[in-house]
Amino acid sequence: MEGFSDGVFGFAITLLVIDIAIHPPGTPLQQVLHAWPSYLAYVISFMTIGTAWLVHTAMTDQLAKVDPIFLRLNLLVLIVVVFLPFPTRLVADSLHDPSSQRVFVTMYGLTLLSIRLAGSALDWYARDQQLYAPRDDDDDLPSDRRKRTPLLIADAVAIAIGLAVPELAVALYFGLAVYAIVPLREAARLLSRSRGSSQ
């Protein structure tokens, strides 16, 4: 299961780069610069899939067993992850086309939210059915759980904002992707250690 899931995550994250393209008119530099929405959407989606993979890996590392329902919930996570490159392309194109922004940015936000909800459902089921092995305090999963509720609420708020100001919603998705993937507590711990050793 873990090998199959890793393969799907890798495939989905690779698909993101295929949709990055430059288009005339303009000089080569102008065409490259004009494609900035594609770069932005790519980075947000890459970090989102990367975060989902990190959480998924932390979960599967803790599993003692799986059951048929867990495997099907796992497929639900993978379905949404593999779908993400499609709205990524749409939202990148919409940033140059205001008439489609609301629909495509909302669709993008709903997909990002669905990835987090599917991952949360998978974790909830594993805990409810006691599929996890006993866990050490140093494991990463609790840190991911602490971020989960704020991220879900912030995603919902960003979707609502996107209905009025799509560009602001995309900026929020970028900030949330950074927040989700950066291990803030671990970074703070490392910083305090380096300060302590320098004194």
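The model is predicted: local features need pLDDT of at least 70, side-chain atom pairs count only at pLDDT 80 or more, and totals for chains, interfaces and linings use all residues. Residues are numbered from 1 along each chain as its sequence is written, and side-chain values use heavy atoms, with hydrogens and water left out.

**Salt bridges**

- Side chains of opposite charge can pair when their charged atoms come close.
- A salt bridge here is a side-chain nitrogen of Lys or Arg within 4 Å of a carboxyl oxygen of Asp or Glu.
- Arg89 and Asp19 form one of these bridges, with their closest N and O atoms 3.4 Å apart. Arg89 is in helix H5 (residues 85–94) and Asp19 is in the loop between helix H1 (2–18) and helix H2 (28–34), so the bridge ties together parts 70 residues apart in sequence.
- Helices are DSSP runs (H or I, at least four residues), as are strands (E, at least two), and numbering starts from the N terminus.
- Arg89 is partly exposed at 34% relative accessible area. Asp19 is also classed as partly exposed, at 25%.
- The accessibility classes are buried (under 20% relative accessible area), exposed (over 50%) and partly exposed (in between), using a 1.4 Å probe and protein chains only.
- A network of salt bridges links Asp19, Arg89 and Asp93.
- Asp155 bridges to Arg116, and the closest N and O atoms are 2.4 Å apart. This pair links distant parts of the chain, 39 residues apart: Asp155 belongs to helix H7 (residues 141–162) and Arg116 to helix H6 (residues 101–128).
- Asp155 and Arg116 are both buried.
- Asp123 and Arg127 also meet in a salt bridge, at 3.3 Å from N to O. They are four residues apart in helix H6, so about one helical turn separates them.
- Asp123 is buried at 0% relative accessibility, whereas Arg127 is partly exposed at 40%.

- His56 lies in helix H3 (residues 36–62).
- The side chains of His56 and Asn74 are joined by a polar contact of 2.5 Å.
- A polar contact is a pair of N or O atoms within 3.5 Å; within protein, one must be able to donate a hydrogen and the other to accept it, and residues adjacent in sequence count only if both atoms are side-chain atoms.
- Leaving aside residues up to four places away in sequence, His56 touches Ser5, Phe9, Asn74 and Leu122. Contact means heavy atoms within 4.5 Å.
- Ala52 is placed in helix H3. It counts as buried, at 16% relative accessibility.
- Ala52 touches Phe9 and Ile115, again not counting residues up to four places away in sequence.
- The C-alpha atoms of Ala52 and Arg116 are 7.5 Å apart in space, though the residues are 64 apart in sequence.

**Aromatic rings**

- Rings of Phe, Tyr and Trp (its six-membered ring) pair if their centres lie within 6.5 Å; planes under 30 degrees apart count as stacked, over 60 as edge-to-face and the rest as tilted.
- Tyr42 and Phe46 form a tilted pair, with ring centres 5.8 Å apart and planes at 50°. These two are four residues apart in helix H3, about one helical turn.
- Tyr42 is partly exposed at 23% relative accessibility, and Phe46 is partly exposed at 35%.
- Phe83 and Phe86 pair edge-to-face, 5.6 Å from centre to centre and with 65° between the planes.
- Phe83 has a relative accessible area of 36% and is partly exposed. Phe86 is partly exposed at 44%.
- Lys147 has its charged end over the ring of Tyr179, 5.0 Å from the ring centre. A charge sits over a ring if NZ of Lys or CZ of Arg is within 6 Å of the ring centre and within 35 degrees of the ring normal.

**Backbone features in loops**

- Pro25 is in the loop between H1 and H2.
- Gln130 is not a glycine, yet has a positive phi of about 55°.
- Gln130 is in the loop between H6 and H7. It is exposed, at 64% relative accessibility.
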